[in-house]
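Subject: Handover of a protein model

Dear colleague,

Please find below the structure that I am handing over to you. My notes on it follow directly after.

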Amino acid sequence: MKKQRKWLLFTVGGIVTTIAGYTVYRFSKRPANTPEKFLKSEHFSRKVVACLGDSHTQGTMAHNFVNDLAVQMGDKGYDFINAGVNGDLVYNALHRVEDVIECEPDYIIILIGTNDILARLSKSNEIHFEIKKQLPQKPTESWFIQNLRQLISLLKLHTNAKIAILSLPLISEDSDSVAFKAAVEYSKQIQAVAQETNITYLPLNERQLEYYETHRPTKQKRVVRSPFAYFIPSFKHYVMKKSWEEISQEAGLSLTIDTVHQNKMAAQMIEQLVRGFLEKEMND
């Protein structure tokens with residue numbers, strides 16, 4: 001009986017470990033259109049759009065707006081590069097910017113800063129990001145601005161690309177929460193840096209705020225403070241085969257699947273802003 005119990009526990013443990021490992025593998029897997037893969041491909045004379053950012057851009061933990069744009073604008077002569085990396089702060093994007101520069105993009109779309117905020121929400125978050133992302137200091141708002149200025153400066157210096165930067169998506173679906181207010185404040189700083197560096201500002205935060213005012217969840221939800229909590233939606237998507245929209249609806253959320261990552265409605269706002277920028281530049 002004891003041997004049977006041990007065997008059963010061993011088997012169940014193995015199954016759980018396998019499922020967990022598969023889920024992590026799927027949401028951690030880099031997209032097919034990374035800068036590295038782009039450089040190995042033949043892209044002829046098409047217009048190259050590099051999207052630089054974090055998990056919102058990588059698109060493996062929620063709706064993938066880069067893939068949508070590639071489908072929508074591929075027949076118009078655009079190739080999209082996905083330079084998004086889950087969990088990145090601006091500091092991390094700054095230290096891999098060479099990957100984007102080497103692709104010689106015609107356009108660069110920046111969407112980053114959410115993790116700069118998440119890293120400050122709790123001591124455990126701070127430690128998690130400092131270790132996982134090898135940060136040289138504690139994240140602060142001033143450090144975020146400093147790194148953002150440097151990132152844009154390098155892109156302007158080493159490329160001829162037209163650059164646009166999006167303000168941050170809402171964090172949490174509770175307007176009274178610290179994270180929600182921080183996303184609004186950081187977005188104001190992003191707008192100021194965009195004006196200062198003379199690049200295009202795309203008002204994602206403002207558009208989501210407007211939508212949120214008329215589509216507030218029945219029960220407002222504060223951001224999940226633990227980075228490990230984002231595993232559950234990915235498990236539901238990759239193992240239980242639920243769509244990101246189903247997961248968002250089950251959680252009672254209007255713009256996210258887990259209070260941070262974008263559902264289809266939120267991703268469409270990003271797509272509309274980016275597409276508008278590209279079409280304007282094409283017509284000028």
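Among contacts in the protein between residues at least 6 apart in sequence, what percentage join residues at least 24 apart? The figure is 78%. Please bear in mind throughout that this is a predicted model.

Overall composition

The protein has 284 residues, of which 52% are buried. Its secondary structure consists of 14 helices and five strands.

Nonpolar cores

The largest nonpolar core comprises 54 residues. Within this core, the residues with the most contacts are I108, I110, L148, L151, L155 and I165. For L151, once neighbours within four places in sequence are set aside, the contacts are L52, V90, A93, L94, V97 and I110. Another core, of 29 residues, lies apart from the largest one. Its members include Y78, V184, Y212 and A267.

Helix α11

I looked at helix α11, residues 204-214, in some detail. Its buried residues are L204, N205, Q208, Y211 and Y212. Viewed down the axis of α11, these buried residues fall within an arc of 130°, so they line one face of the helix.

What do the buried residues of α11 pack against? Their partners are the strands β3 (107-111), β4 (162-166) and β5 (200-202), together with the helices α10 (178-197) and α14 (264-283).

Not counting residues up to four places away in sequence, N205 touches S167, L168, P169, L170, A183, V184 and S187. E206 also belongs to helix α11. At 32% relative accessibility, E206 counts as partly exposed. With the same exclusion of residues up to four places away in sequence, E206 touches S167, Q191 and Y201. E206 and K188 are 18 residues apart in sequence, and their C-alpha atoms are 9.8 Å apart in space.

The second largest pocket

The second largest pocket has a volume of about 150 Å³. Twelve residues line this pocket, and the closest to its centre are I232, P233, A251, I257 and D258. Two elements, α12 (231-238) and α13 (244-250), each give two or more residues to the lining. Which of the elements provides the largest share? That is α12, with three residues. By residue class, the lining divides into eight nonpolar, one polar and three charged residues.

Loop residues

- T34 is located in the loop between α1 (2-28) and α2 (35-39). Its relative accessible area is 4%, so T34 is buried. Leaving out residues up to four places away in sequence, T34 touches I81 and N82. T34 and F80 are separated by 46 residues in sequence and by 9.0 Å in space, C-alpha to C-alpha.
- K241 is found in the loop between α12 and α13. Phi of K241 is near 65°, a positive value in a residue other than glycine. Is K241 buried or exposed? With a relative accessible area of 60%, K241 is exposed, the cut-off being over 50%.
- T259 sits in the loop between α13 and α14. Phi of T259 is near 80°, which is likewise a positive value in a residue other than glycine. T259 is buried, with a relative accessible area of 4%.

With kind regards

Methods:
Residues numbered from 1 in each chain as written. Predicted model: local features only at pLDDT ≥ 70, side-chain atom pairs only at ≥ 80, totals over all residues. Heavy atoms only, no water. 1 Å grid on protein atoms, 1.4 Å probe; cavity = no way out; pocket = protein on both sides within 12 Å on 5 of 7 lines; lining within 4 Å. Points joined across faces, edges and corners; volume = space filled by probe spheres on them. Helix = DSSP H or I, 4+ residues; strand = E, 2+ residues; numbered from the N terminus. Nonpolar A, V, L, I, M, F, W, Y, C, P; charged D, E, K, R; others polar. Buried < 20%, exposed > 50% of the residue type's maximum accessible area, 1.4 Å probe, protein only. Arc of directions from axis to C-beta. Contact = heavy atoms within 4.5 Å. Core = buried A, V, L, I, M, F, W, Y, C linked by side-chain atoms within 4.5 Å.
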